[in-house]
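Hello,

Here is the structure I promised to pass on. Please open it first, then read my notes below.

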Amino acid sequence: MLLNSNGNFTDKVAFVTGAANGIGRATALAFAREGANVVVADISEQGNQETVRIIEELDGRAGASLLPKAIAIRCDVTRAEDVKAALDKTIETFGRLDFAFNNAGVEQKIAATADLTEEEWDRIVNINLRGVFLCLKHEIPLMLKQGGGAIVNTSSGAGVKGFKGQAAYVAAKHGVVGLTKAAALDYAAQNIRINAVCPGIIDTPMMDRFSGGTPEGRERVISQEPIGRMGQPEEIANAVVWLCSDASSFAIGHALVIDGGQTV
C-alpha cells in the first residue's frame with residue numbers, strides 16, 4: 001500500500017544522504033516504492049551500491065510497476081565540494097530535485113561534557129549539524145529554480161531533550177531543529193517546505209554500535225522506551241515520505257518526534 005495517497009511522486013527525484021543503511025536506506029526504498037527516482041548518497045560506496053541493488057530488485061514486484069531509477073553517489077557531507085558534486089550529478093542525471101532527506105549522521109562516544117575531546121566535539125558537530133547546513137545550502141537553490149520542493153532533516157529525540165554523556169550529539173541535534181525552523185521560515189513563501197524528524201531508539205547499525213550490539217546493551221537502551229521496543233527504520237521512513245507528500249502541505253518548520261514515548 002502506498003503512503004502518498006494525496007500526492008504524486010512519479011517522475012520526481014529524491015536525494016537521500018546516509019542512505020547506505022538504517023533509516024537512510026529504508027527511506028530511499030520508501031521513496032522508490034512511491035515512484036520517485038532516488039539518489040543514494042553516503043561515504044560507504046559498498047553500502048550505497050547495496051541500497052541501489054535492493055531498489056532495483058523491487059522492480060517487477062506486485063504493485064511496483066512504476067518503480068524508477070536509482071543511482072549511488074559517494075558523498076562526505078562535511079565537504080562542500082562533495083555535496084555540490086553529488087547534487088550536480090543529481091541534476092545531470094534526472095534534471096531536477098524535488099525531495100531531500102538530509103539524514104547522514106554519527107553517534108557520539110559516551111563522555112561527560114568536560115571529558116569530551118575537542119576532536120570528538122568537532123567530528124560530531126561537523127557531520128551531524130554542519131553536514132545538514134551544507135546540504136541545505138546546495139539543495140535550496142536547485143529547488144528555487146524549479147519553483148519548490150520538500151526537505152526533511154534528521155534530528156533526534158536528543159534534539160528536544162538532554163541526555164547524559166552526550167553533549168556534542170545533543171548540541172548538534174538541537175542545532176538541526178533550530179536550523180530547520182530558521183530555514184523553513186526563509187523559504188516557506190517560495191514553496192519550499194523544510195521539516196525535521198526526531199527519531200528515538202531505532203534498530204540500526206548505529207544503534208548496534210552505541211549499545212555494543214550485545215543482548216545486555218540492547219536491553220539497556222530498550223529500557224528507555226515506554227513502548228518496550230526499538231523502533232524500525234521503516235517507521236521513520238514512512239514519516240519522511242509523508243512530510244514530503246502533498247498530505248503534509250501545511251507542515252512548515254516542524255520537528256516530528258517519533259520515539260516510542262522516550263521524550264514524553
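Seven strands form an open sheet in the order 3-2-1-4-5-6-7, and the pairing is parallel. Two strands sit at the edges: strand 3 (70-74) and strand 7 (255-258). Each of these pairs on one side only. Between neighbouring strands of the sheet the average turn is 15°, direction ignored.

One pairing is worth a look. Strand 4 (residues 99-102) runs parallel to strand 5 (residues 149-154), with four bridges between them. Within this pair, Ala100 stands opposite Ile151 of strand 5.

Two helices to find on the sheet come next. Helix 3 (residues 80-94) packs there and touches strand 1 (13-17), strand 2 (37-42) and strand 3. The direction of helix 3 makes about 160° with that of strand 3. Helix 8 (residues 233-244) also packs on the sheet. Its contacts are strand 4, strand 5, strand 6 (192-199) and strand 7. The direction of helix 8 makes about 165° with that of strand 6.

**The whole model**

Bear in mind that this is a predicted model. The protein has eight helices and seven strands. Its C-alpha atoms fill a box of roughly 50 × 40 × 35 Å along the principal axes. How does the radius of gyration compare with that of a compact globule? For 264 residues, such a globule would have a value near 18 Å; the protein has 17 Å, so the two agree.

**Helix against helix**

Two packed helices are described by the angle between their axes and the distance between the axes.

*Helix 4 and helix 5.* The axes of helix 4 (residues 118-146) and helix 5 (residues 167-187) come within 8 Å. They cross at roughly 15°. Angles under 35 degrees count as roughly parallel, so helix 4 and helix 5 are roughly parallel to each other. Their crossing is right-handed. On the helix 4 side, the contact residues include Trp121, Ile124, Val125, Phe133 and Leu144. On the helix 5 side, they include Ala167, Tyr169, Lys173, Gly175 and Tyr187. By class, the contact of helix 4 with helix 5 holds 18 nonpolar residues, two polar and one charged.

*Helix 3 and helix 4.* Here the angle is about 30° and the axes are 9 Å apart. Helix 3 and helix 4 are therefore roughly parallel to each other. The crossing of helix 3 with helix 4 is right-handed. Helix 3 brings Ala80, Val83, Lys84, Leu87 and Ile91 to the contact. From helix 4 they meet Leu134, Cys135, His138, Glu139 and Leu142. The contact of helix 3 with helix 4 has seven nonpolar residues, one polar and two charged.

*Helix 1 and helix 8.* Helix 1 (residues 22-33) packs against helix 8 at about 50°, with the axes 8 Å apart. Are helix 1 and helix 8 parallel or oblique to each other? At that angle they are oblique. Helix 1 passes helix 8 in a right-handed crossing. The residues of the contact of helix 1 with helix 8 split into ten nonpolar, two polar and one charged.

Finally, find Ile43. This residue lies in the loop between strand 2 and helix 2 (45-58). What does Ile43 contact, leaving aside its neighbours within four places in sequence? The contacts are Arg74, Cys75 and Asp76. For a sense of distance, take Ile43 and Ala189, which are 146 residues apart along the chain. Their C-alpha atoms are separated by 34 Å.

Best wishes

How values were computed:
Residues numbered from 1 in each chain as written. Predicted model: local features only at pLDDT ≥ 70, side-chain atom pairs only at ≥ 80, totals over all residues. Heavy atoms only, no water. Axes fitted to C-alpha atoms, helices over the stretch in contact; angles between N-to-C directions. Parallel < 35°, antiparallel > 145°, perpendicular 65-115°, else oblique. Left-handed = near helix turned anticlockwise from the far one by under 90°. Contact = heavy atoms within 4.5 Å. Nonpolar A, V, L, I, M, F, W, Y, C, P; charged D, E, K, R; others polar. Pairing = 2+ DSSP bridges. Rg over C-alpha atoms; globule rule 2.2 N^0.38 Å.
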